[in-house]
Amino acid sequence: MASLNPPNTAASGTLICDSLWTGASLVTMQDGYYNLIENGVLAVKDGLIIWLGTVADSPEFDTQIRHDFGGGIVTPGLIDCHTHLVFGGDRSAEFEQRLNGVSYAEIAAQGGGILSTVNATRRASHQQLFEQARFRLTPLLAEGVTCVEIKSGYGLSDDSELKMLRVIRELAQNLPVRIKATCLAAHALPPEFKGRADDYIAHICEVLLPQVAAEHLADAVDAFCEHLAFSPEQVERVFQAAVRLGLPIKLHAEQLSSLHGSQLAARYGALSADHLEYATEEDAQVMAASGTVAVLLPGAFYLLRETQRPPVELFRKHGVPMAVASDANPGTSPALSLRLMLNMACTLFRMTPEEALAGVTCHAARALGLQHTHGTLEAGKVADFVHWPLTRPAELVYWLGGQLPCTVIYQGNIRGDVRS
């Protein structure tokens, strides 16, 4: 005979859970708003949130583990939905050269730029790439990140792109963080294909992506649609190949010019279009219609000293969800703090603190296709959340530098020191 009690409910009417978390205000971020629950209660079972609400409304709980935070706030685990954390070497010398007046063209002529990272990544072993990426990922995890996307794109050859993707998979297996892998082979033209961009795109579509899909090495496919990378027509061929293989798509678009790549991405049902400094109102309308997330990357905007801001007002006007990410990469955003990106999104892009926090929780989850399991505090979602000894959510955006103390709960358990 089937039980007359709801799941996880004992005959006495008490709710059975693995752990109970009390004593803090819950910043649920449902629908993109704080939706604060003061003096909240979270019940967790099997790594999922099974109940949340106020103390006054809570049922009786049957659990052996109770945690009282003694004040502060609890947010969903932070999500960094656009990074390039796996690469060889660094470009700090080029950064110094640019500040001393050397042009990007001169640096590229000296063998610098993205190809210097490509060469360093190709030379690096799997283990070297793993250890370097782990080093870069650690500070992100320490400040509350529980989910991160990592792209390939600095190999630009079959062996090196596959090596990068395998490193990303190994990071996911060895660190307490949910990692989404994205194949960005269409990031730049490799030297072997100089003057033959169409041939390289054909190779990606016909050879590399089928192998990536066969080995289940990527959760999505990305490309760089820009005059110094690939045209909308070339990008569309990559999208068509990804669709055939059942892989979701994303796109670097409208960063340096307006090619309307974001519209192309939206027409293919892209999870996100990223950067978007030169996006137009028509781009925003098409993205809104498809539900494609606008991922804003203030770190690259800051380091490149850009003056063209992404059209936040247009995204608001048309209801385009806005995510915020670190874009951690060696050339244009060597950012190891997602929380700093929150402040930059507000000060540089004029987002509100509430919008910025939504950008690293619920909208970031949508940009990775994880909106049904991550990004908000709701019953049925994965129990990834962070306790902060703060008085209000805006403090997460307000403080510059340093590492705010926090307790990270990952899949229902307190996450230990990720540096060990």
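Which helices are included in what covers the buried residues of H3?

Reply: The model is a predicted one, in which local features need pLDDT of at least 70 and side-chain atom pairs count only at pLDDT 80 or more, while totals for chains, interfaces and linings use all residues. Residues are numbered from 1 along each chain as its sequence is written, and side-chain values use heavy atoms, with hydrogens and water left out.

The cover of the buried residues of H3 includes helix H1 (92-99), helix H4 (126-142) and helix H5 (158-174). Here contact means heavy atoms within 4.5 Å, and helices (H or I, at least four residues) and strands (E, at least two) are DSSP runs numbered from the N terminus. Helix H3 itself spans residues 114-123, and its buried residues are Ser-116, Thr-117, Val-118, Ala-120 and Thr-121. Buried stands for under 20% relative accessible area, exposed for over 50%, and partly exposed for values in between (1.4 Å probe, protein chains only). An α-helix has 3.6 residues a turn, so residues three or four places apart point the same way.

Helix H5, one of the covering helices, also holds Arg-169, whose side chain meets that of Asp-219 in a salt bridge at 3.1 Å, N to O. A salt bridge requires a side-chain nitrogen of Lys or Arg within 4 Å of a carboxyl oxygen of Asp or Glu. Asp-219 lies in the loop between H6 and strand S11 (220-225), so that this pair links distant parts of the chain, 50 residues apart. With 24% relative accessibility, Asp-219 counts as partly exposed.

The whole structure contains 13 salt bridges. One of them joins Glu-94 to Arg-91, with the closest N and O atoms 3.0 Å apart. Glu-94 is buried, at a relative accessible area of 8%, and Arg-91 is buried too, at 9%. Another, between Lys-317 and Glu-281, has its closest N and O atoms 2.7 Å apart. Because Lys-317 is in helix H11 (residues 312-318) and Glu-281 in helix H9, this pair ties together parts that are 36 residues apart in sequence. Lys-317 is exposed at 57%, whereas Glu-281 is partly exposed at 30%.

The nonpolar interior comes next. A nonpolar core is a set of buried Ala, Val, Leu, Ile, Met, Phe, Trp, Tyr and Cys residues joined through side-chain atoms within 4.5 Å. The largest such core comprises 100 residues, and Val-86, Leu-137, Leu-171 and Phe-315 have the most contacts inside it. Helix H6 (residues 197-214) contributes the most to this core, with nine residues. Leu-137 touches Leu-85, Val-148, Leu-175, Val-177 and Ile-179, leaving aside residues up to four places away in sequence. Another core lies apart, with 14 residues that include Ala-24, Phe-69, Val-74 and Phe-385.

Cysteines do not bond here: the structure has zero disulfides, a disulfide being a pair of cysteine sulfur atoms within 2.5 Å. The sulfur of Cys-183 is 10 Å from the closest cysteine sulfur, that of Cys-205, and is therefore too far away for a bond. Cys-183 is buried at 1% relative accessibility, and Cys-205 is buried at 11%.

Finally, Ser-333 sits in the loop between strand S15 (322-324) and helix H12 (338-349). Ser-333 is buried, with 1% relative accessibility. Among the residues that Ser-333 touches are Gly-299, Leu-303 and Asp-327.
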